[in-house]
Amino acid sequence: MRNGNQMTNQTRYETRSEEETMAFASRLSPMLAAGDAVLLEGDLGAGKSVLARGIARGMGVEGPMPSPTFTLMIPYEAGGRRLYHFDLYRLADPDEYYAAGLDEFVGGDGVAVVEWPGMAELDPEPALHVYLDRGAGDETRVITIENRGVVGYDPDALAKWRCGDVN
Ligand SMILES: Nc1ncnc2c1ncn2[C@@H]1O[C@H](COP(=O)(O)OP(=O)(O)OP(=O)(O)O)[C@@H](O)[C@H]1O
Ligand SMILES: [Mg+2]
């Protein structure tokens with residue numbers, strides 16, 4: 001889709017299992033630097049948490065990664081890099097996000113990976129906007145990524161999963 005002269009910067013990928021989404025996310029992981037945000041959009045069960053875990057595993061985070069549904073955010077550290085995993089599904093309103101001081105961890109000293117960013121009306125930059133949709137098969141997921149300012153993002157390195165561009 002064209003927006004005046006401006007082309008949208010979206011790339012589409014497809015995975016066929018949870019393991020493949022983990023592998024995709026691990027490959028995405030080294031493209032992210034401190035201050036970058038990954039905003040994960042998609043319905044319940046779309047695969048946002050799987051993708052978040054894959055990014056963390058790719059950074060070298062080991063051990064269990066419980067859902068931050070009730071705590072809203074869980075911090076991780078591996079090899080001197082920080083990752084903040086957010087799940088804002090239970091957020092009452094954006095005020096609660098700021099009152100809890102969570103804004104400090106987006107665009108801060110680590111990578112912020114956020115499920116349900118709309119609950120806090122988040123629109124940080126740099127950020128990868130990641131949309132997860134169900135595909136044709138039960139375990140197919142279509143992953144659309146729009147890059148807004150993430151310098152290290154390299155769609156070519158994800159070519160194995162690429163299934164089209166959206167312009
Ligand atoms: N290709 C795939 N990629 C990711 N997950 C898949 C895939 N195929 C099937 N699944 C399954 O879909 C589910 C995804 O669950 P997940 O917890 O990641 O969803 P979510 O988007 O985080 O949901 P919620 O909004 O409840 O947090 C898992 O049960 C996983 O096994
Ligand atoms: Mg989840």
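Before the ligand, a convention: Ala, Val, Leu, Ile, Met, Phe, Trp, Tyr, Cys and Pro count as nonpolar, Asp, Glu, Lys and Arg as charged, and the others, Gly among them, as polar. On that scheme, the shell around ligand 1 holds three nonpolar, seven polar and seven charged residues.

Some housekeeping. This is a predicted model, in which local features need pLDDT of at least 70 and side-chain atom pairs count only at pLDDT 80 or more, while totals for chains, interfaces and linings use all residues. Residues are numbered from 1 along each chain as its sequence is written, and chains are lettered from A and ligands numbered from 1 in the order in which they are written.

Back to the ligand. A residue is near a molecule or strand if its C-beta atom, placed from the backbone, lies within 6 Å of it. There are 17 residues around ligand 1, and those that come nearest are Thr21, Gly47, Lys48, Ser49 and Glu139. Helix H1 (18-28) and helix H2 (48-59) each give at least two residues to this shell.

Next, strand S7, residues 111-115. I call a residue buried if 20 or more other C-beta atoms lie within 10 Å of its own, exposed if 12 or fewer, and partly exposed in between, with C-beta atoms placed from the backbone. Five of the five residues of S7 are buried, so the strand is largely enclosed by the rest of the structure. Val111, Val113 and Glu115 lie on one side, Ala112 and Val114 on the other, and both faces are covered.

Which strands pair with S7? Pairing here requires that DSSP finds at least two bridges between the two strands. Strand S4 (residues 37-41) pairs with S7 in the parallel sense, over four bridges, and Leu39 has Val114 as its bridge partner in S7. Strand S6 (residues 81-87) also runs parallel to S7, joined by five bridges, with Tyr84 opposite Ala112. From S6 the chain crosses through helix H3 (residues 94-99) to S7, in a right-handed β-α-β crossover. Right-handed is used in this sense: with the strands pointing away from the viewer, the path from the first strand over the helix to the second runs clockwise.

Now the core. A nonpolar core is a set of buried Ala, Val, Leu, Ile, Met, Phe, Trp, Tyr and Cys residues joined through C-beta atoms within 7 Å. The largest one has 41 residues, and those with the most contacts inside it are Val38, Leu40, Ile55, Ala112, Val113, Val114 and Val130. At least two residues come from each of H1, S4, H2, S6, S7, strand S8 (127-134) and strand S9 (141-148). H2 gives the most, with six residues. As background, in soluble globular proteins nonpolar side chains tend to be buried together.

Two residues are in contact if their C-beta atoms, placed from the backbone, lie within 7 Å. Setting aside neighbours within four places in sequence, Val38 is in contact with Leu32, Ile55, Val111, Val113, Val114, Leu128 and Val130. Ala52 is in helix H2 and counts as buried because it has 25 C-beta neighbours inside 10 Å. With the neighbours within four places in sequence again left out, Ala52 is in contact with Leu40, His85, Val113 and Glu115.

S3 pairs with S9 in the antiparallel sense over six bridges, with Glu14 partnered by Val142. S3 and strand S10 (residues 162-166) also run antiparallel, joined by four bridges, and Thr11 stands opposite Asp165.

Last, the backbone. Most residues other than glycine have a negative phi, and most peptide bonds are trans. Glu125 and Pro126 are joined by a cis peptide bond, with omega about 0°, and Pro126 is in the loop between S7 and S8. Glu121, in the loop between S7 and S8, has a positive phi near 50°. Glu121 is exposed, because it has 9 other C-beta atoms within 10 Å. Leu72 has a positive phi near 75° and is in the loop between H2 and strand S5 (73-78). Is Leu72 buried or exposed? Leu72 counts as buried, with 20 C-beta neighbours inside 10 Å.
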